[in-house]
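Colleague: I am new to this structure. Could you take me through how to read a few of its features?

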Amino acid sequence: MHWQKVTLAVNSENADECEQCLWANGALAVTFTDSQDDPIFEPKPGEMPLWESLYICGLFDQDKDISEVVDNIEAAGKEVRQVEALQDQVWERQWLEHFSPRRFGRNLWIVPTAYDIPAEAGTAVRLDPGMAFGTGTHATTGLILEWLDNQDLTGKRVLDYGCGSGILAIAALLLGANQCLAVDIDPQALTATRENAILNGVLDRLEIGLGEEFEMDQYDVVMANILAGPLLDLADLLTACLRPNADLVLSGLLEKQQVQVQSAYKKEVSFVAQTKRDGWVCAHGKRCC
């Protein structure tokens, strides 16, 4: 079996209209791709920014009359850039090639369910790639995982703000934390976190909640793996959640943003260490009082 892929060259102003045109002609899936390799690092919560120039790709069944689809799209004044056939693939094998067991620090491992847990793994988080951010492959997540591996979390209460897949919250619980609250603004992330918590047997010690419903409380460890903009906006909230001498771990900021972000927390937090990878920074601080 194969699929037929139709690619349109569009801009941000007519992207929605072009997307609807693909759906109306029977597309089974529609994706957006930047045509200029221009990354978007920091959308604000609730925003869905698009590039100025982009491609929209529609995926169609092999039996679809693709000539008719192209004629309809062009008749609607849209530019068809490319039509191609895609061979079906074993997608599980595709992601397994890029996502295998990985170690963070000395003893903490992230292990997909298709693999056996390595004999040398002290603590293993079972996790497969999903719709929510967080598998450990990105530097921002990996840096916090390495920090967690080096901590004594026994009996501690942890806040994971911006939990994504729940990977950090689950790792903290498996490493000895007594309780963890995982918060995100995306309901899909909360669903992924719940499923991953069940998979790892820690749901009974995990609370899950939407950011808009978050009620401030105090924790021994506060982790936030988001981006610099939200970290600045959340400075007062996150510092208020720290017990005296509690740990604050911030990741998702670029090196050029480090000073600005840490300055927003300096009234209550003394930063004691930072680790860097691929231009990203993970900053560790202690509440001063």
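This is a predicted model: local features need pLDDT of at least 70, side-chain atom pairs count only at pLDDT 80 or more; totals for chains, interfaces and linings use all residues.

Colleague: Let us start with charged side chains. How many salt bridges does a search of the whole structure find?

Modeller: The general idea is that side chains of opposite charge can pair when their charged atoms come close. Here the search finds eight salt bridges. One of them joins E84 and K5, with the closest N and O atoms 3.8 Å apart. E84 sits in strand β4 and K5 in strand β1, 79 residues apart.

Colleague: Which residue forms a salt bridge with R157?

Modeller: D217 does, and the closest N and O atoms are 3.1 Å apart. R157 belongs to strand β8 and D217 to the loop between β10 and β11, so the pair ties together parts that are 60 residues apart in sequence. R157 is buried, at 17% relative accessible area, whereas D217 is partly exposed, at 36%.

Colleague: Now the aromatic rings. How many aromatic pairs does the structure hold?

Modeller: There are two. In one, the ring centres of Y161 and F214 are 5.5 Å apart and the planes stand at 90 degrees, so the pair is edge-to-face. Y161 is in strand β8 and F214 in the loop between β10 and β11, 53 residues apart. Y161 is buried at 10% relative accessibility, and F214 is buried at 16%.

Colleague: And how are the rings of Y265 and F271 arranged?

Modeller: That pair is edge-to-face as well, with 6.5 Å between centres and 85 degrees between planes. Y265 is buried at 1% relative accessibility; F271 is buried at 18%.

Colleague: What about disulfides: how many does the structure hold?

Modeller: A disulfide is a covalent bond between the sulfur atoms of two cysteines. This structure holds zero. Among its cysteines, C57 is buried at 9% relative accessible area and C282 is buried at 4%.

Notes:
Residues are numbered from 1 along each chain as its sequence is written. Side-chain values use heavy atoms; hydrogens and water are left out. Rings of Phe, Tyr and Trp (its six-membered ring) pair if their centres lie within 6.5 Å; planes under 30 degrees apart count as stacked, over 60 as edge-to-face and the rest as tilted. Helices (H or I, at least four residues) and strands (E, at least two) are DSSP runs, numbered from the N terminus. Buried means under 20% relative accessible area, exposed over 50%, partly exposed in between (1.4 Å probe, protein chains only). A disulfide is a pair of cysteine sulfur atoms within 2.5 Å. A salt bridge is a side-chain nitrogen of Lys or Arg within 4 Å of a carboxyl oxygen of Asp or Glu.
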